[in-house]
Amino acid sequence: MKKITIAIDGYSSCGKSTMAKDLAKRIGYVYVDTGAMYRAVTLFALRNGLFADDGAVLTDELEKRMEEISISFKFNPETQKPDTYLNGELVEKEIRSLEVSNHVSPIAAVPFVRTAMVAQQQAMGQEGGIVMDGRDIGTTVFPNAELKIFVTASAEVRAQRRYDELVSKGMPEPYEDILKNVQERDYIDTHREVSPLRQADDALLLDNSHMTIPEQNAWVMEQFERVANPQCGL
């Protein structure tokens, strides 16, 4: 069976990463969390004072320091999922904080940041056999991906999922603050000048507001089988 490229895009906190990780593990593909890459850049910027008092990115300073940022992924045998490393430091927990969530969309909208991350992502997926999720995978990073999925869910459902995730990690935040963050990120992601979030013309739409994870995984697996092994449907 030919190895294909799978692009999964969608709104924040709609379960893209969980879906992509589970699919990659099941079919033996490499998984790349592009959102984690932008979160890692955001963490670097926060640690190095690269935001103004009003939350704006100090782009001139950040651009000068982009070469200092190295992002990698290492498989965690305990969780059976990849962890994110920033300059060799495990930052998987730190990049999931609400502080990073509140600053990541402005970082992701910076043209030279997107250019650098897209180049890394394209290099990772040159040989196929990859599952990548983010905001512009099917439109910018891999416009020729054989399977594209666009995931959505209501803002309220996504905020509740994010709240539950943070509580499970011992990092609770008020639900109202999380909902506000989700809504603000939606606006920024869909209105930025460079690679705004949108559904690719040939992407399959999945609204998982009322789906369980097993139901979602079954649907995604069905789409993969249909595209990667079409003769099975004959």
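Reader: How do the residues of the lining of the second largest pocket divide into nonpolar, polar and charged?

Author: They split into 6 nonpolar, 2 polar and 4 charged. Here Ala, Val, Leu, Ile, Met, Phe, Trp, Tyr, Cys and Pro count as nonpolar, Asp, Glu, Lys and Arg as charged, and the others, Gly among them, as polar. Bear in mind that this is a predicted model, where local features need pLDDT of at least 70 and side-chain atom pairs count only at pLDDT 80 or more, while totals for chains, interfaces and linings use all residues. Residues are numbered from 1 along each chain as its sequence is written, and side-chain values use heavy atoms, with hydrogens and water left out.

Reader: What makes Lys-21 and Pro-82 part of the lining of the second largest pocket?

Author: A pocket is an open set of points on a 1 Å grid over the protein atoms alone, where a 1.4 Å probe fits, with protein on both sides within 12 Å along at least five of seven lines; a lining residue has an atom within 4 Å of a point. Lys-21 and Pro-82 are on the list of lining residues, and so are Tyr-29, Val-30 and Phe-75, among others. H1 gives the most, with 4 residues.

Reader: What volume does the largest pocket have?

Author: About 960 Å³, taken as the space filled by probe spheres set on the grid points, which are joined across faces, edges and corners. Of its 41 lining residues, the closest to the centre are Gly-15, Ser-17, Thr-18, Arg-96 and Glu-165. Its lining divides into 8 nonpolar, 14 polar and 19 charged, and H2 gives the most, with 5 residues. For the second largest pocket, the space is about 150 Å³.

Reader: Why is S6 called largely enclosed?

Author: Buried means under 20% relative accessible area (exposed is over 50%, partly exposed in between; 1.4 Å probe, protein chains only). In S6, 5 of the 5 residues are buried, so the strand is largely enclosed by the rest of the structure. Ile-130, Met-132 and Gly-134 point one way, and Val-131 and Asp-133 the other. In a regular strand the side chains alternate between the two faces of the sheet.

Reader: How do you know that S1 and S6 pair?

Author: Two strands pair if DSSP finds at least two bridges between them; strands are DSSP runs (E, at least two residues) and helices likewise (H or I, at least four), numbered from the N terminus. S1 and S6 have 5 bridges, in the parallel sense, so they meet the cut-off. Asp-9 stands opposite Gly-134 in S6.

Reader: And what about S2 and S6: how many bridges?

Author: They pair over 4, also in the parallel sense, with Asp-33 opposite Asp-133 in S6.
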